[in-house]
Every structure is written in C-alpha cells, then in structure tokens.
Amino acid sequence: MAEIVFQPFGRRVPARPGDNLLEAAQAGGITLSAVCGGVGVCGDCRVKVLRGAVSPINLTEQEFLSASEQAHGLRLACQTEILADGEILVDVPPDSLSTPQRIQITGKELGLAAVPAVQSHDLTGQPPSSDDLRGDWERLDNIHPADWAISAPALAELPGTLRANHWQVQMVTRQREVVTFLRPGTPLLGFAVD
C-alpha cells in the first residue's frame with residue numbers, strides 16, 4: 001500500500017499502485033480542480049511531485065505543461081499513476097484547488113496581541129515588628145491595597161505563603177481582582193473547554 005502525503009495540508013492518504021494522484025486526492029477530501037472529470041483534457045489538476053514512485057510524464061502532460069513546469073516537477077494529477085508501495089510527497093499549488101478549498105488555505109495572517117486574563121506580580125512583604133503592626137496585606141511593597149479587590153479566602157492564603165517563602169510572594173490578579181497568592185516562580189496554567 002502506498003501513502004500519498006498532500007502538502008500544504010499534511011494529509012496522508014492510502015492508495016494502491018495503479019491509482020492516480022487525482023483519485024487519491026479525492027479520496028482524501030482534497031478537491032483538486034478537474035473540470036474534465038479526470039480524463040486529461042483540461043490541465044487544471046496540476047501538482048508537484050516532490051518524492052516517490054510515480055509514472056513517467058506522458059504525452060497528455062507534455063501537451064499541457066511547459067518545459068519549465070516539467071523541469072520543476074509539475075504533473076497532472078489525473079495522469080500521474082502510483083507505481084509502487086511507499087510514501088509519495090505531493091505539493092498542491094493553490095491554483096489547482098477548487099475555489100472553496102483554496103479559500104481554506106489562503107488568506108492574510110493578522111497580528112494579534114494576546115492579553116492574558118490573569119497576570120502575576122512578584123511582591124516582597126516586610127516582616128511584622130513592634131513598630132509596624134499592620135496586617136501582611138498592608139505591608140506588601142509596591143502595591144496600594146486600596147487599588148485591589150481581594151476576597152477573604154485569597155487574603156487568608158497570604159500569611160502562610162509569605163512566611164513559607166521568606167517574605168516573597170506571587171500575587172495573581174484578574175484585572176483589579178486578586179485571585180490568589182502563590183510561591184514565587186510558580187507558572188500560571190489554565191485550560192479552556194469548548
């Protein structure tokens with residue numbers, strides 16, 4: 001059994017020796033343009049064979065393909081037969097695809113700046129002293145407690161985390177809400193379910 005790898009899709013399609021590349025593409029859901037139905041009179045199903053055992057170029061292909069196209073490995077999928085078992089690597093140019101499938105693989109990439117839903121802030125706390133009897137939340141450096149909304153469960157995590165990590169803590173926030181306190185350097189992980 002041969003395996004045809006169609007790029008840029010990365011789709012692997014099993015095929016038998018004697019099948020042609022158009023049949024294999026159609027079996028794999030790749031809609032090559034073949035107005036003539038694969039009889040070799042339209043020349044639309046052009047592909048580039050990069051590697052593998054396929055039939056030599058025939059007279060029909062020589063009519064449709066220029067010498068330059070032939071030299072660059074272009075073939076008509078309907079005329080190119082699989083000769084033996086093994087892997088055959090085929091590149092499908094966008095012009096050889098039907099319009100709906102061409103739209104799926106072409107387009108313009110837009111830059112998108114990802115803004116994470118949560119952020120972390122590395123903070124240092126000051127140990128309590130007889131001169132400073134404020135709570136741990138108020139003794140954190142570089143924040144103003146009034147700027148943050150913090151729940152009682154999140155606030156309850158702070159003393160233990162501060163003391164266990166030599167007064168260093170990672171504060172995790174969602175916008176202005178404090179979500180939790182973690183050991184410094186803890187990676188923030190999440191998942192989404194659709």
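Which residue in S2 is the bridge partner of Phe-6? The partner is Arg-11.

## Basis of the report

This is a predicted model, in which local features need pLDDT of at least 70, side-chain atom pairs count only at pLDDT 80 or more, and totals for chains, interfaces and linings use all residues. Residues are numbered from 1 along each chain as its sequence is written, and side-chain values use heavy atoms, with hydrogens and water left out.

## The sheet

Five strands form an open sheet in the order S2-S1-S5-S3-S4, and the pairing is mixed. At the edges are S2 and S4 (74-76), each of which pairs on one side only. From one strand to the next the twist averages 40°; axes here are lines fitted to C-alpha atoms, and angles run from 0 to 180 degrees between N-to-C directions. Strands (E, at least two residues) and helices (H or I, at least four) are DSSP runs numbered from the N terminus, and two strands pair if DSSP finds at least two bridges between them.

## Strand S1 and its partners

S1 (residues 2-7) runs antiparallel to S2 (residues 11-15), and five bridges join them. Three residues lie between the strands of this hairpin, where Gly-10 has a positive phi near 75°. S1 is also joined to S5 (residues 86-91) by six bridges, and these two strands run parallel. Phe-6 has Val-90 as its bridge partner in S5, while Val-5 stands opposite Leu-89 of that strand.

## Ser-33

Ser-33 is in the loop between helix H1 (21-27) and strand S3 (46-51). Ser-33 counts as buried because its relative accessibility is 18%, given that buried means under 20% relative accessible area, exposed over 50% and partly exposed in between (1.4 Å probe, protein chains only). Apart from neighbours within four places in sequence, Ser-33 is in contact (heavy atoms within 4.5 Å) with Asp-44, Cys-45, Ser-96, Leu-97 and Ser-98.

## Salt bridges

Ten salt bridges are found in the whole structure, each being a side-chain nitrogen of Lys or Arg within 4 Å of a carboxyl oxygen of Asp or Glu. A network of salt bridges links Glu-3, Arg-12, Arg-51 and Glu-87.

Arg-16 and Asp-19 form a salt bridge with their closest N and O atoms 3.8 Å apart; Arg-16 is exposed at 52%, whereas Asp-19 is buried at 18%. For Arg-139 and Asp-136 the corresponding separation is 2.2 Å. Arg-139 is buried at 2%, and Asp-136 is buried at 11%. In the salt bridge of Arg-174 with Glu-177, the closest N and O atoms are 3.1 Å apart. Arg-174 is partly exposed at 40%, and Glu-177 is partly exposed at 37%.
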